[in-house]
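Please walk me through this protein structure. Take it step by step, for someone new to the subject.

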Amino acid sequence: MTDKRLLAVLAHPDDESFGPGGTFARYAAEGVDVHIAIATDGVAGSVAEGYEDTLQDLVNVRTRELDAAVNILGATLHKLGYRDSGYINDPANHHPEAFINIDEHEVIGKVVALIREIRPQVVITHDETGGYYHPDHIQCWKVTTAAFQAAADPDQYPEIGPEPYQPERLYYTAIPNRAVKFFALMMRLRGQDPKHAGRNKDIDYTKLGIAPELLTASIDYRAYWDVKMAASAQHSSQGGGTSRNRLFPVWLQKLLFAKDLYIRAVPPAPPGLHETDLFANGR
Ligand SMILES: [Zn+2]
């Protein structure tokens, strides 16, 4: 065990595996104390074909899937317990208890409490586009960025946690636009419309992705590919374990995809920075 600690704050049960799961698996295997906080319960998520009968019991199903996935990744799970919001224009967004409608001061306080208890050097959350503009992802970015600063301020949330604490680094997980363009091309070749992607046909792939020059860190998880896939497969109600496998052989998938990319927000990244370890004492 090292004295390195990492806290990720992500929106939904499955974001930890479908997102930077390879990073979590690798750091946990290397002895880092990895903590994953998931903001919502997954109740507004859509259900993969064949899993319609799980809708009634969706929160319990997704809780079980999340527990199993985080266990495989080797991390400690923290559930913030809010209700999902839906994607843009979803009626679920009007629910008074939807994550995006909860008082921000309260939510930031929950993340401050985690930071002051866990004392992570590195904090990870979604980037400001939320990857694909999901309101819950964007809310995570907002509250975690605020909590990163507030946790160190003795005048903010004085009633919470052991004592103020300033994590060293804040990273945003991001999808590179090159990868998105590649997927959009593959979709066109298969006769699908990348402007209306996803199970609900409401995601425009052509508008997603971060420019390469903004991505300042990459974590290679080829050696932990199987762990990430095993964790992803736990989210079977979300189609986990089925999506990429049909397109390419595993060796090609690893070559193309076994890298998580990040934007370093704090400390600000100097031009040309490219880190391969989120804990490195870089510039
Ligand atoms: Zn999500």
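Start with one loop. Asn89 sits in the loop between β3 and α4. Helices and strands here are DSSP runs, numbered from the N terminus: helices are H or I with at least four residues, strands are E with at least two. Asn89 has a positive phi of about 70 degrees, although it is not a glycine. Is Asn89 buried or exposed? Asn89 is exposed, with a relative accessible area of 75%. Buried means under 20% relative accessible area, exposed means over 50%, and partly exposed lies in between, using a 1.4 Å probe and protein chains only.

Tyr133 also has a positive phi, near 65 degrees, and it is a residue other than glycine. Tyr133 lies in the loop between β4 (122-126) and α5. Tyr133 counts as partly exposed, at 35% relative accessibility.

A word on the source. This is a predicted model: local features need pLDDT of at least 70, side-chain atom pairs count only at pLDDT 80 or more, and totals for chains, interfaces and linings use all residues. Residues are numbered from 1 along each chain as its sequence is written, and side-chain values use heavy atoms, with hydrogens and water left out.

Now step back to the whole chain. The protein chain has eight helices and seven strands. Its C-alpha trace spans about 55 × 45 × 30 Å along the principal axes. Buried residues make up 50% of the 283 residues.

Next comes the metal. Which atoms coordinate the zinc ion? The donors are His12 (ND1), Asp15 (OD), Asp15 (OD) and His137 (NE2), at 2.0 to 2.4 Å. Donors are N, O and S atoms within 2.8 Å of the metal (3.2 Å for Na, K and Ca); water is not among the atoms, so sites may look incomplete. In sequence, the donor residues are spaced H-x2-D-x121-H. His12 and His137 link distant parts of the chain, 125 residues apart. His12 is in the loop between β1 (5-10) and α1 (15-18), while His137 is in helix α5 (residues 135-150). His12 is buried, with a relative accessible area of 6%. His137 counts as buried too, at 4% relative accessibility.

Why is the arrangement around the zinc ion irregular? The four donor atoms subtend angles of 56 to 143 degrees, which makes it so. Four donors count as tetrahedral if all angles lie between 85 and 135 degrees; four count as square planar and six as octahedral if opposite donors are over 155 degrees apart and all others between 65 and 115; anything else is irregular.

Turn to charged pairs. Side chains of opposite charge can pair when their charged atoms come close. A search of the whole structure finds eight salt bridges. A salt bridge is a side-chain nitrogen of Lys or Arg within 4 Å of a carboxyl oxygen of Asp or Glu.

One of them joins Arg169 and Glu275, with the closest N and O atoms 2.8 Å apart. Arg169 lies in strand β5 (residues 169-174) and Glu275 in the segment after β7 (259-266), so the pair ties together parts that are 106 residues apart in sequence. Arg169 counts as buried at 7% relative accessibility, and Glu275 counts as buried at 4%. Arg169, Arg264 and Glu275 are linked in a network of salt bridges.

Another bridge joins Lys79 and Asp67, with the closest N and O atoms 3.0 Å apart. Lys79 is in strand β3 (residues 76-82) and Asp67 is in helix α3 (residues 58-73), 12 residues apart. Lys79 is partly exposed, with a relative accessible area of 44%. Asp67 is partly exposed, at 35%.

End with the segment after β7, where Pro267 lies. A cis peptide bond joins Val266 and Pro267, with omega about -10 degrees.
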